[in-house]
Amino acid sequence: MDLGIRGKKAAVAAASTGLGFGCARALLEDGVEVAICSRSEERIREAAAELGGRSVPIVAAMSTENGARSFVEQATEKLGQVDILVANAGGPPPGSPATTSIDGYREAIDLNLLSTIVMCQAALPGMRERGWGRIVAITSIGARQPIGNLAASSVARAGVSSFLKTLSAEVARDGITVNSAQPGIHATDRIKSLGNTDVVAQRVPTGTLGTADDFGKAVAFLCSEPARFITGTSILLDGGAYQGLI
């Protein structure tokens, strides 16, 4: 399928590894020029070298407002514009609802909620001016089905879902779609480092873990021209792990 986005410009946050990297690779394969970021210069340069010629490495940390805004501003400067924004950030440390400190919740909100809001606000003016844009935030199954030992993450990512739903209605007539992709358990380096991936996979109805490449291709479709009527929604990419009806 021709996604109709060849020649578009994308900013993919937190893309040195894992799901962000998978999204960057999928967009590049569909002819998009991609700016990627990490807080580590070494890691983001290595990722850009692996991705190849149309990827631009940028050093920026999603944990601060200035870092999130700087990423979009630098991507706009280096690419000329940003048509596609994939908002992403690492996850905060684990903790239960009662034991997670207020500072822990605050850090999660900065990292996983406010960074997305800041990036969207930075990218939207150009998208509105051109009458075309795609925003996809990588959140978590925890935004829909809270994870007890990842309380701060679940709270922050649920906030992202609310923000995106509200934003989608505001910008829909500007030719901009706004969605989120909610991953379950994927075979990222973080999961592999825990060991026993076969045991972890048995917690998923499919009996397998997701891959970053498949996740990236699903996100690339949400960024496509054929997906122009999909907005204001959250797409589960979890191998059937979510057990709710809605």
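1. In this predicted model, P183 stands opposite L237 in β7, and this pair belongs to the parallel pairing of β6 with strand β7 (residues 234-237), which extends over 4 bridges. Two strands are taken to pair if DSSP finds at least two bridges between them, and the helices (H or I, at least four residues) and strands (E, at least two) are DSSP runs, numbered from the N terminus.

2. Some conventions apply throughout: residues are numbered from 1 along each chain as its sequence is written, and side-chain values use heavy atoms, with hydrogens and water left out. Because the model is predicted, local features need pLDDT of at least 70 and side-chain atom pairs count only at pLDDT 80 or more, whereas totals for chains, interfaces and linings use all residues.

3. Strand β5 (residues 133-138) also pairs with β6 in the parallel sense, over 6 bridges, and G133 stands opposite I176 in β6. Together with helix α5 (residues 151-171), β5 and β6 make a right-handed β-α-β unit, where right-handed means that, with the strands pointing away from the viewer, the path from the first strand over the helix to the second runs clockwise.

4. Strand β6 (residues 176-183) is mostly covered, with 8 of its 8 residues buried; buried means under 20% relative accessible area, exposed over 50%, and partly exposed in between (1.4 Å probe, protein chains only). In a regular strand the side chains alternate between the two faces of the sheet. On one side of β6 the buried residues are I176, V178, S180 and Q182, and on the other T177, N179, A181 and P183.

5. The open sheet of 7 strands has the order β3-β2-β1-β4-β5-β6-β7, with parallel pairing. β3 (55-59) and β7 stand at the edges with a single partner strand each, so one side of each is left without a neighbour in the sheet. The twist averages 20° from one strand to the next, with axes fitted as lines to C-alpha atoms, for helices over the stretch in contact, and angles running from 0 to 180 degrees between N-to-C directions.

6. Helix α1 (residues 18-29) packs on the sheet, touching β1, β2, β3, β4 (84-87), β5 and β6, and its direction makes about 170° with that of β1; contact means heavy atoms within 4.5 Å. Helix α2 (residues 41-51) likewise packs on the sheet, touching β2 and β3, at about 175° to the direction of β3.

7. The structure holds 0 disulfides, a disulfide being a pair of cysteine sulfur atoms within 2.5 Å. The sulfur of C23 is 7.7 Å from the closest cysteine sulfur, in C223, which is too far for a bond. C23 counts as buried at 1% relative accessibility, and C223 is buried with a relative accessible area of 0%.
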